[in-house]
Amino acid sequence: NLSSDSVFLTDKDGFNTVNEIIGTKIKIRPDRKTSYVFDAYMLKFDEGIFSDDGGFHTESEYDVTYNQFFVSHRFNGNMKVTAGRQRILWGHGLAYVPSDFINPPLDPSGLDLTNAKGVDSVSLDWFTRGNSYTVLLNLDNSAERTGIGAKWTNNTLNGFDFNVVYYNSNETGNAVAVSFSGDPLVFTGESKGEFSTTVNIAMREKSQYRQPTTQQFITDPIEGMTTAPNIINYPAPGDLKDDKGNWLTYLIGASYE
């Protein structure tokens, strides 16, 4: 079984430079137990450059990004192992998932925000009736982002999904979350699957936002105006906040179809 999906986007600005992106996602399932997933895209940047003789020309640069590249194998019974670069999305959300402690943030300036980069990791899933249990080892190159996690999912009630998540890394500290998604009318027996609510409450020891700071940029004196160096202060992202505390984020939402 082979499935593929590709995208091509072009963005033009006022200087006639062109940025292009071409992406592809390929999934191969040679049998019912094993699957291979490859998801990557290439960005092309055309930059306008003025030469020394006053001429103008464009130069192209290319950047290839691998979003996901993993193999997954399901053993006889109820075990599955996945290894490689994969997108680990634990918990429920809408535009924002508070319990997403693991994935790198999306680049809001990207041409295609659906190209979400995964993490190099190994995960083990164990399935029982109405429940699934997952353990994860994040093998990110950065020691700060390397971490371990566990997740319990329960879907005993039809149309109702419940998650408990734990994760630990130097970047997050201890992080826990509870989330659920489903139709509350399930409990009244009148659910038709049209109404859905989402709740996600997450707590972490370290803030996910960098603290603002100020850096100085010193330039040479401007001739005829000053004899002292010019000092320019500008805002810059600082370090992640190290003090441990209760950093709470949550999302509550509803939709009707």
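In this predicted model, Asp 120 forms a salt bridge with Arg 85, and the closest N and O atoms of the two are 3.0 Å apart. The pair links distant parts of the chain, since Asp 120 belongs to strand 6 (residues 119–128) and Arg 85 to strand 5 (residues 79–86), 35 residues apart. Asp 120 counts as partly exposed at 26% relative accessibility, and Arg 85 is likewise partly exposed, with a relative accessible area of 21%. A search of the whole structure finds 3 salt bridges.

**Overall fold**

- The secondary structure of the protein chain comes to 0 helices and 14 strands.
- Of the 257 residues of the chain, 30% count as buried, and the chain exposes about 16,700 Å², of which carbon and sulfur atoms supply 56%.
- Among contacts between residues at least 6 apart in sequence, 46% join residues at least 24 apart.

**Nonpolar core**

- The largest nonpolar core has 11 residues in all, among them Ile 88, Trp 90, Phe 101, Ile 102, Val 119, Leu 136 and Tyr 167.
- Strand 9 and strand 10 (173–182) each supply at least two residues of this core.

**Aromatic pairs**

- A search of the whole structure finds 5 aromatic pairs, one of them the edge-to-face pair of Trp 152 and Phe 162, at 5.7 Å centre to centre with 75° between the planes.
- Trp 152 lies in strand 8 (residues 147–154) and Phe 162 in strand 9 (residues 160–169), so the pair ties together parts that are 10 residues apart in sequence.
- Trp 152 counts as partly exposed at 31% relative accessibility, and Phe 162 counts as partly exposed at 23%.
- Phe 38, Tyr 66 and Phe 69 form one aromatic cluster.

**Nonpolar surface patch**

- Ile 22, Met 42, Tyr 62, Val 64 and Tyr 66 make a nonpolar surface patch of about 490 Å², and Tyr 66 is also a member of the aromatic cluster with Phe 38 and Phe 69.
- Strand 4 (residues 56–74) contributes the largest share of the patch, 3 residues.
- Met 42 is found in strand 3 (residues 34–50) and is partly exposed, with a relative accessible area of 32%.

**Ser 255 in strand 14**

- Ser 255 lies in strand 14 (residues 247–256) and counts as partly exposed at 36% relative accessibility.
- Leaving aside neighbours within four places in sequence, Ser 255 is in contact with Glu 194, Phe 195 and Ser 196; Ser 255 and Glu 194 are 61 residues apart in sequence and 8.2 Å apart in space, C-alpha to C-alpha.

How values were computed: Residues are numbered from 1 along each chain as its sequence is written. This is a predicted model: local features need pLDDT of at least 70, side-chain atom pairs count only at pLDDT 80 or more; totals for chains, interfaces and linings use all residues. Side-chain values use heavy atoms; hydrogens and water are left out. Helices (H or I, at least four residues) and strands (E, at least two) are DSSP runs, numbered from the N terminus. Buried means under 20% relative accessible area, exposed over 50%, partly exposed in between (1.4 Å probe, protein chains only). Contact means heavy atoms within 4.5 Å. Patches are made of residues with over 30% relative accessible area and no salt bridge: like charges are joined within 9 Å, nonpolar side chains (Val, Leu, Ile, Met, Phe, Trp, Tyr) within 5 Å. Accessible areas come from the Shrake-Rupley method with a 1.4 Å probe; for residues, only the protein chains shown count as cover. A salt bridge is a side-chain nitrogen of Lys or Arg within 4 Å of a carboxyl oxygen of Asp or Glu. Rings of Phe, Tyr and Trp (its six-membered ring) pair if their centres lie within 6.5 Å; planes under 30 degrees apart count as stacked, over 60 as edge-to-face and the rest as tilted. A nonpolar core is a set of buried Ala, Val, Leu, Ile, Met, Phe, Trp, Tyr and Cys residues joined through side-chain atoms within 4.5 Å.
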